[in-house]
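Work through the exercises below with the sequence and the structure at hand. Try each task before reading its solution.

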Amino acid sequence: MTDHSGIPTEILLKLYVIISKIRRVELRIESLYHEDEMKTPVHLCLGQEAISAGVCATLQTDDYVFSNHRSHGHYIAKGGDLPAMIAELYCKETGCSRGRGGSMHLVDTSVGLLGSSSIVGGGIPLAVGAALASVLRGDGRVTVVFFGDGASEEGVLYESMNFAALKKLPVVFVCENNFYSVCSHQTARQANNDISMRPRAFEMPSSRVDGVDVIDVFRKTMDAVNRTRSGKGPSFLECRAYRWRGHAGAGDNLKSQYRKLDEWDQWMTRDPLQEYEKALVAGNILTEKKKKQITETIDKEIDEAFSFAQASPLPNEKEVTKYLYS
Ligand SMILES: Cc1ncc(C[n+]2csc(CCOP(=O)(O)OP(=O)(O)O)c2C)c(N)n1
Ligand SMILES: [Mg+2]
């Protein structure tokens with residue numbers, strides 16, 4: 001684990017709270033999903049929590065984030081309203097997209113989360129557009145876009161990187177490389193699997209990040225965000241971590257045999273939450289008492305969010321097309 005010295009205790013604890021919160025929300029969704037009351041596909045980000053937490057902790061509330069189908073961690077880390085997120089999963093009128101979007105279309109403009117897209121790669125050009133708007137308005141905001149290794153195969157990424165580099169736009173491209181696009185391993189899809197190398201064709205700074213290590217994520221994103229905020233143009237981060245569950249829905253899909261078991265075993269030795277917890281305890285930043293307190297507070301928040309969602313009304317049948325763009 002990367003050394004955390006020099007990072008204020010308040011930030012270190014905030015990172016811990018966010019990783020724990022994402023973990024516990026995802027586990028709760030997973031445990032209730034079989035009830036079939038959440039009428040939405042879900043793409044859990046278990047195993048990838050440190051990326052959302054480390055990236056978003058470098059941003060200000062009014063900085064922009066664009067997310068993808070695996071959106072829960074991004075939403076929570078950017079400070080999105082939890083009851084509204086859970087209500088969206090239950091497709092309720094009180095959801096953050098009024099129950100019309102479900103898990104893949106989370107949005108909370110009050111904290112700069114301008115949208116999530118189920119179109120693989122769909123958020124990338126939107127993020128570049130938002131960054132261009134920030135330059136034209138002179139608002140000093142930074143935009144971050146999260147996308148997967150599968151999205152890195154879409155042509156739109158290369159058009160977008162070129163334009164962002166040309167115009168020195170304040171955008172940070174964050175590729176979450178979990179090695180799979182649905183059930184296809186990266187090596188079965190990409191001629192060169194070093195994604196971090198590709199932005200260099202546009203003379204864009206790019207780093208490989210250990211996406212299990214929240215401090216590595218935090219430090220490298222901080223460099224990229226500071227650089228872009230000072231007008232020096234975009235950066236690219238390839239954050240490597242492992243998707244613990246199947247592509248969509250609850251549970252793992254080891255039985256479908258598209259993963260190699262030794263690969264799985266190796267990644268299961270690396271838990272972003274446990275590794276960080278161990279480092280904080282060793283650094284006397286986290287005590288058992290504090291840990292218990294954090295966990296209890298999060299669980300209470302989750303209980304309330306689910307109760308709110310379950311008790312909320314569904315959209316009125318006559319209004320299902322309201323708020324939809326056509
Ligand atoms: C343009 C487009 N192509 C294909 C799909 C179907 N699809 C949904 S998710 C997904 C995998 C994306 O993989 P990756 O970008 O690595 O994200 P991950 O699911 O691993 O987080 C695919 C192919 C889609 N939604 N949009
Ligand atoms: Mg992937």
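**Exercise 1: The ligand shell**

Task: State how many residues surround ligand 1, and name the closest.

Solution. Ligand 1 is surrounded by 17 residues. The closest of these are V120, G148, G150, A151 and S181. Next, look for the strands that contribute: β3 (143–148) and β5 (180–181) each supply at least two residues of the shell. Last, sort the shell by class: six residues are nonpolar, eight are polar and three are charged.

**Exercise 2: Confidence**

Task: This is a predicted model. Find the mean pLDDT of the chain, and the elements with the lowest and the highest mean pLDDT.

Solution. The chain has a mean pLDDT of 97, and 100% of its residues reach 70 or more. Now go through the elements. The lowest mean pLDDT, 94, belongs to helix α8 (residues 261–268). The highest, 99, belongs to strand β4 (residues 171–177). A point to keep in mind when reading any such model: where pLDDT is low, the predicted coordinates should not be read in detail.

**Exercise 3: Helices α5 and α6**

Task: Describe how helix α5 (residues 123–137) packs on helix α6 (residues 155–166).

Solution. Step one is the geometry: the two axes come within 9 Å and cross at roughly 15°. Angles under 35 degrees count as roughly parallel, so α5 is roughly parallel to α6. Step two is the hand of the crossing, which is left-handed. Step three is the list of residues. From α5, the contact uses I124, P125, V128 and A131; from α6, it uses V156, L157, S160, F163 and A164. By class, eight of these residues are nonpolar, one is polar and none is charged.

**Exercise 4: Helices α4 and α10**

Task: Repeat the analysis for helix α4 (residues 82–89) and helix α10 (residues 288–311).

Solution. The axes lie 8 Å apart, and the packing angle is about 45°. The two helices α4 and α10 are therefore oblique to each other. Their crossing is right-handed. On the α4 side, the residues in contact are L82, P83, I86, A87 and L89. They meet E301, E304, A305, F306, F308 and A309 of α10. Sorted by class, the contact of α4 with α10 has nine nonpolar residues, no polar ones and two charged ones.

**Exercise 5: Helices α1 and α10**

Task: What angle do the axes of helix α1 (residues 9–33) and α10 make, and which residues form the contact?

Solution. The axes of α1 and α10 cross at roughly 45° and come within 10 Å. At that angle α1 is oblique to α10. The crossing is right-handed. Helix α1 contributes V17, S20, K21, R24, V25 and R28, while α10 contributes I294, T295, I298, D299, I302 and F306. The classes in this contact are six nonpolar, two polar and four charged residues.

Note on methods
Residues are numbered from 1 along each chain as its sequence is written. Chains are lettered from A and ligands numbered from 1 in the order in which they are written. This is a predicted model: local features need pLDDT of at least 70, side-chain atom pairs count only at pLDDT 80 or more; totals for chains, interfaces and linings use all residues. pLDDT is the predictor's confidence in each residue, from 0 to 100. Helices (H or I, at least four residues) and strands (E, at least two) are DSSP runs, numbered from the N terminus. A residue is near a molecule or strand if its C-beta atom, placed from the backbone, lies within 6 Å of it. Ala, Val, Leu, Ile, Met, Phe, Trp, Tyr, Cys and Pro count as nonpolar, Asp, Glu, Lys and Arg as charged, and the others, Gly among them, as polar. Axes are lines fitted to C-alpha atoms, for helices over the stretch in contact, and angles run from 0 to 180 degrees between N-to-C directions. Angles under 35 degrees count as roughly parallel, over 145 as roughly antiparallel, 65 to 115 as roughly perpendicular and the rest as oblique. A crossing is left-handed if the near helix is turned anticlockwise from the far one by less than a right angle, and right-handed if clockwise. Two residues are in contact if their C-beta atoms, placed from the backbone, lie within 7 Å.
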